[in-house]
Amino acid sequence: MQCAAYWSHKLNQSLLIVTHGLISNQDGLTLHPDLFLYQQLLAKRKRQWFQTASCNPLALYANILDVKPALLLASKLSKQSAKQYWIASPYHAQLSRDAVRVMPEGMMPWCETDAAWACELLNPLLAEEGMQLYAMGSALLLACDKPLHAEPAVFANIAGNTLPNRHPEGIDGGHIMRLMSEVQMMFKQSPAPHRRTRDEVDVHGLWFWGACEPCDLENVPVKAIATRDSFLGAVVDAKDANIIITEPEQLSELVRHHAGLPKQVILFGEGYAVSLKKIWLPKLAVNTWSPKAIKSESDLFSILRK
């Protein structure tokens, strides 16, 4: 990962992608609060809108490479003997009157110590299911001796929203939800003392998503990416990167406000993405964020893959 000072001289040749950079309000869409400092810079740029699914930094990078998210971590294992691999994303949740709301991913403190602790706590339980949890730096990967046929939502649809109250699609949808419930109970019974010492929120569960099969593990492509995301940072190298992928809460760690913004910025959120490009004659500032002339998700990723 690179510091903000490193990027100050590369901004004109860089691409910045911010996941969850757009959020809903009473008028439709607006910028995430952590982007308000950049609002006037972004408001004068040329816009191009796309319809797209929600994604976090790891899922976005996997989509650019056209691979399954778990493949990015599984390809880093020295021994790959499982039949299936899943991303295991930790979360903190709060109970509201009629739902369980999950903390946004960019606000959840998580580090290598947390990942190692989760493996030590949960692997005795998971071994009974023929599974093992691996810590890949600060990222978590679940390996299964027997494939699970289920399709849980990508974690980007869970973080900042509510936990689903029904099973995911697939014949093993009930099985994987039961497993995640058992993990919740383990975290409830054994909260992390080191996190409480650091005055950090408790971990309440793991969300399994982005599964891949072992046959997908050959010839995994790579791109240099700068990021502060704990999962994406475990699989990419920032050396010579000209792409930044970040959640809005971590943007200030990569690009300082006084240094400006890269030549092109893409904001994702609420089912849309908007590409914002510098132009020679800046437009009058437009501070509303209403999608217009919307193109498809395939159009967007065709551009990103180039």
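Modeller: I'd start with strand E4, which six bridges join to strand E13 (residues 272–277), the two running antiparallel. Keep in mind that this is a predicted model.

Colleague: Okay, and which residue stands opposite Phe 50 there?

Modeller: Ala 273 in E13 does. Ala 273 also turns up as the bridge partner of Phe 268.

Colleague: What order do the strands of the open sheet come in?

Modeller: There are five, ordered E4-E13-E12-E1-E11, and the pairing is mixed. E4 (46–51) and E11 (243–246) are at the edges with a single partner strand each, so one side of each has no neighbour in the sheet. From one strand to the next, the twist averages 15°.

Colleague: Mixed how? Do E1 and E12 run parallel or antiparallel?

Modeller: Parallel, with four bridges joining them. Val 18 has Leu 267 in E12 as its bridge partner, for example. E12 and E13, on the other hand, run antiparallel and are joined by six bridges.

Colleague: How many residues sit between the strands in the hairpin of E12 and E13?

Modeller: Two, and Glu 270 in that hairpin takes a positive phi near 55°.

Colleague: How many residues of E12 are buried?

Modeller: Six of the six, so E12 is largely enclosed by the rest of the structure. Gln 264, Ile 266 and Phe 268 point one way, while Val 265, Leu 267 and Gly 269 point the other way.

Colleague: Which strands does helix H3 lie across?

Modeller: H3 (residues 57–65) lies across E1 (15–18), E11 and E12 (264–269), and runs at about 140° to E11.

Colleague: What lines the largest cavity?

Modeller: Its lining includes His 20, Thr 52, Ser 54 and Cys 55, along with Phe 268 and Gly 269. Glu 270, from the hairpin of E12 and E13, is in that lining too. By class, the lining residues are four nonpolar, five polar and one charged.

Colleague: And which residues line the second largest cavity?

Modeller: Pro 90, Tyr 91, His 92, Val 102, Met 103, Glu 105, Met 108 and Phe 155. That lining has six nonpolar residues, one polar and one charged.

How values were computed:
Residues are numbered from 1 along each chain as its sequence is written. This is a predicted model: local features need pLDDT of at least 70, side-chain atom pairs count only at pLDDT 80 or more; totals for chains, interfaces and linings use all residues. Side-chain values use heavy atoms; hydrogens and water are left out. Two strands pair if DSSP finds at least two bridges between them. Axes are lines fitted to C-alpha atoms, for helices over the stretch in contact, and angles run from 0 to 180 degrees between N-to-C directions. Contact means heavy atoms within 4.5 Å. On a 1 Å grid over the protein atoms alone, a cavity is a set of points where a 1.4 Å probe fits but cannot get out, and a pocket is an open set with protein on both sides within 12 Å along at least five of seven lines; lining residues have an atom within 4 Å of a point. Ala, Val, Leu, Ile, Met, Phe, Trp, Tyr, Cys and Pro count as nonpolar, Asp, Glu, Lys and Arg as charged, and the others, Gly among them, as polar. Buried means under 20% relative accessible area, exposed over 50%, partly exposed in between (1.4 Å probe, protein chains only).
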